[in-house]
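Have the model open beside you as you read.

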Amino acid sequence: MHNFEEKVIGIPRAMSFYSNYPFYFGFFNSLGIKIVLSDVTTKQTMSEGAALVVTETCLPIKVYVGHILNLLQKGIKNIFVPSLQSIDNKIYNCSKIRGLPDLIRNVIKEPFNMIEATLDKSEKNQGLYEFLAECVKPFGITDKALIKNASKAGWRCYNNFHIMSKSGMPYSKALSYALQGKVVISDSSKEYPISVALVGHGYNIYDERVCMKIIDKLEKMDVKVCTSLQLSSEQLDEGILALGHEKYWANEDEMTGTAGHYLKDSKIDGVITITAFGCGPDSLMIERITRKAKQYNKPLLNLTIDEQTGEAGFVTRIEAFVDMLFRKKRAVILNKLNISDREEEFSPNTDIIETRA
Ligand code: SF4
């Protein structure tokens, strides 16, 4: 099946979409390739994807399969399914991400053109330019200078997105401005009494259906949410080292790098991790994060998600954690002020006390 005359590429709104889409957008658009995205994740996306893979498969892969089905339902026949093997020498992705094209080929029986470029800097010494050349070869684009120029457009969009994210702008807003070619610096001066680091892969924390809008929920509870997107690559590298080891997994920045940085940050009151049930790399990383959180005496909440996770239980755990953080902070402040916490003797306006902290 070849229909590359029409320069259209379908991109699943899942997995690497959450870290790389600004780049993909700038790159493909600059070469005149129209992008069609799958729709946002719904319950149906999850259940249709889950129905095609074995139960033990992690949720993000089930979601990914659901997004491929959604693109096929839209009539898209050229679908981008990259194999991101390793992003640097001896820094690997998990086997499911590495083998994504094979996995999709085995579970989706409907015919389509899979654009399965490989990024493998460890074994094949196949870096970004080889990867990008593979992405557009099916469309008949082979001019190296053209591809290099398109990659510059990709980086521009990607960097704009990161500049805005670092300024504290929410993920979806920063993405929207970056895709419009704008850079808008967030001037949010709202003060929050409590700050929490949210640690998880982009596909777990920015897919609003998968994480049940955890960021919105925390902000409504008056909690400031800090993620990997506010950190520089140097801070993330230091974070990984702070947990006592060297980078091995490609998406470690989002987990150990972020946790290692925020665990040391006295302005962060607690850490919440989100991991998918059955994720091998995350279970190793969470172990290290948990040990270090004890050393730093930093409250930690580990949340594991799968397609069965119910919103009510999820919210209850977050509320209980946030409530504990508020109480802890209040106790610390009262202690500093040498004020007894017995309510019958002194009933403070907690809002004011916590804001001053
Ligand atoms: S890193 Fe974990 S959650 Fe992500 S694809 Fe691999 S197993 Fe699944």
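In what follows, Ala, Val, Leu, Ile, Met, Phe, Trp, Tyr, Cys and Pro are counted as nonpolar, Asp, Glu, Lys and Arg as charged, and the others, Gly among them, as polar. Please keep in mind that this is a predicted model.

Let's begin with the ligand. Its shell has eight nonpolar, two polar and two charged residues. The residues around the ligand are Cys58, Pro60, Ile61, Cys94, Lys96, Ile97, His201, Ala276, Cys279, Gly280, Pro281 and Asp282. Two or more of the shell residues come from each of α3, α4 and α13, and α13 gives the most, with three residues. Because domain 1 (8-163) and domain 2 (190-356) both contribute to the shell, the ligand lies between them.

Next comes a sheet. Three strands form an open sheet in the order β5-β4-β7, with mixed pairing. β5 (91-92) and β7 (118-120) stand at the edges with a single partner strand each, so one side of each has no neighbour in the sheet. β4 (residues 83-88) pairs with β7 in the parallel sense over three bridges, and Ser83 has Thr118 of β7 as its bridge partner.

Finally, which residues of helix α11 are buried? In this helix (residues 233-242), they are Leu236, Gly239 and Ile240. They cover an arc of only 100° around the axis, which puts them on the same side of α11. The buried residues of α11 pack against α12 (253-263). After α11 comes Gly244, with a positive phi near 80°.

Technical notes
Residues numbered from 1 in each chain as written. Predicted model: local features only at pLDDT ≥ 70, side-chain atom pairs only at ≥ 80, totals over all residues. Near = placed C-beta within 6 Å. Helix = DSSP H or I, 4+ residues; strand = E, 2+ residues; numbered from the N terminus. Domains from an automatic or database assignment. Pairing = 2+ DSSP bridges. Buried ≥ 20, exposed ≤ 12 C-beta atoms within 10 Å, placed from the backbone. Arc of directions from axis to C-beta. Contact = placed C-beta atoms within 7 Å.
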